[in-house]
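Reader: Please take me through the features of this model one at a time, with the general idea first and the particular case after it.

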Amino acid sequence: MGILPHSVRGRLWSALGLLALAIICISALTWAALQRVDDSLQDLHAQSLTQVAQAIDLSKRSSDLATSAPYLLNQRSNFLIDQEGETLLEVLARVRGEWPSARATDAERQALLELTSEMESGIQDLMRASKALDGVQTDIRARVSELSELRNVVTRRLEDQSTETVERLTWWTLQSMNADALNAAYADNLIGVGEEQRHYQRQGQLAAASEKTPEQSTYLSDLNSAVQGATGVFELRRGELGLTLNAQNALFRIRRDANLINELATEFAKRA
């Protein structure tokens with residue numbers, strides 16, 4: 001007795017049964033394969049979203065860093081400048097170290113390395129400029145204090161009704177020189193400092209040529225000591241303005257590189 005039926009009808013039903021079984025098996029295998037593909041796609045999608053979110057978060061950190069950098073210029077001690085600067089460098093190190101590199105191209109990784117290195121250089125330059133500014137501004141405040149005391153001296157002499165006319169004229173010249181020096185201490189730019197120095201020098205020539213009392217000669221010597229030379233108010237102000245330009249240049253570079261990191265993150269997100 002055979003397994004397969006001998007009748008045509010029986011054989012037809014057997015063939016249909018085997019075909020149905022084959023279809024069920026193939027469907028089961030296909031479903032399993034599709035399920036594995038779907039799981040893989042879900043994992044890949046989740047990974048992409050995670051990396052995109054990470055890139056955007058790190059981009060935001062770089063923007064926050066660029067926003068925080070100017071506060072370095074407001075610190076009044078080298079300790080606080082170092083503390084704030086190190087905080088900025090730590091944030092930058094996290095941006096560099098946590099950037100999602102699994103799907104980043106070699107060009108993106110190289111660009112990120114270059115940008116973060118440039119930002120690090122900008123932060124360090126800003127720290128150096130801030131420290132130097134703190135020292136120069138301390139010296140300027142000391143010179144301004146000296147000039148303010150000298151201004152009080154000449155004011156008292158001019159208010160003294162017993163001061164002779166010739167002597168009074170010399171005091172007026174000395175007062176004008178003192179005002180030029182104080183104006184230079186608060187000038188907005190190098191041109192302003194240079195203009196005040198020229199006024200000071202012209203008045204100084206008049207003071208040197210005029211007849212002076214011993215008190216006026218001492219006053220002129222003290223005034224020149226506070227104004228002239230590398231530690232005088234004119235050179236200190238030039239140094240301060242130059243350092244301010246260096247600090248602004250460093251801030252510009254930090255902001256520029258932060259914007260470029262933002263663009264890099266945006267391109268990464270679009271491609272992901």
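Reader: Let me start with a single side chain: is Arg 238 buried, partly exposed or exposed?

Author: Arg 238 is partly exposed, because its relative accessible area is 27% and the scale calls a residue buried under 20%, exposed over 50% and partly exposed in between (1.4 Å probe, protein chains only). Please keep in mind that this is a predicted model, in which local features need pLDDT of at least 70 and side-chain atom pairs count only at pLDDT 80 or more, while totals for chains, interfaces and linings use all residues. Residues are numbered from 1 along each chain as its sequence is written, and side-chain values use heavy atoms, with hydrogens and water left out.

Reader: With which residue does Arg 238 form a salt bridge, and how far apart are the closest N and O atoms?

Author: In general, side chains of opposite charge can pair when their charged atoms come close. The partner of Arg 238 is Glu 235, with 3.0 Å between the closest N and O atoms; the criterion is a side-chain nitrogen of Lys or Arg within 4 Å of a carboxyl oxygen of Asp or Glu. Glu 235 is itself partly exposed, at 38% relative accessible area. A search of the whole structure finds 9 salt bridges.

Reader: Where in the chain do Arg 238 and Glu 235 lie?

Author: An α-helix has 3.6 residues a turn, so residues three or four places apart point the same way. Arg 238 and Glu 235 both belong to helix α7, where they are 3 residues apart, about one turn of the helix. Helices here are DSSP runs of H or I with at least four residues, strands are runs of E with at least two, and both are numbered from the N terminus.

Reader: How many aromatic pairs does a search of the whole structure find?

Author: A pair of aromatic rings is described by the distance of the centres and the angle of the planes. The search finds 2 such pairs, where rings of Phe, Tyr and Trp (its six-membered ring) pair if their centres lie within 6.5 Å, and planes under 30 degrees apart count as stacked, over 60 as edge-to-face and the rest as tilted. Trp 171 and Tyr 219 form an edge-to-face pair, at 5.5 Å centre to centre and 80° between the planes. This pair links distant parts of the chain, from helix α4 (residues 165–185) to helix α6 (residues 214–227), across 48 residues, and both Trp 171 and Tyr 219 are buried.

Tyr 200 and Phe 234 form the other pair, also edge-to-face, with 5.7 Å between centres and 70° between planes. Tyr 200 sits in helix α5 (residues 190–209) and Phe 234 in helix α7 (residues 233–271), 34 residues apart. Tyr 200 counts as buried because its relative accessibility is 2%, and Phe 234 is likewise buried at 2%.

Reader: How does the span of α4 compare with the expected value?

Author: The 21 residues of α4 reach 30 Å from first C-alpha to last, close to the 30 Å expected; the expectation is 1.5 Å times one less than the number of residues. Among the buried residues of α4 are Arg 168, Trp 171, Leu 174, Met 177 and Asp 180.

Reader: How many helices and strands does the protein chain have, and what share of its residues count as buried?

Author: The protein chain has 7 helices and 0 strands, and 34% of its 272 residues count as buried. Among contacts (heavy atoms within 4.5 Å) with a separation of 6 or more, 81% join residues 24 or more positions apart.
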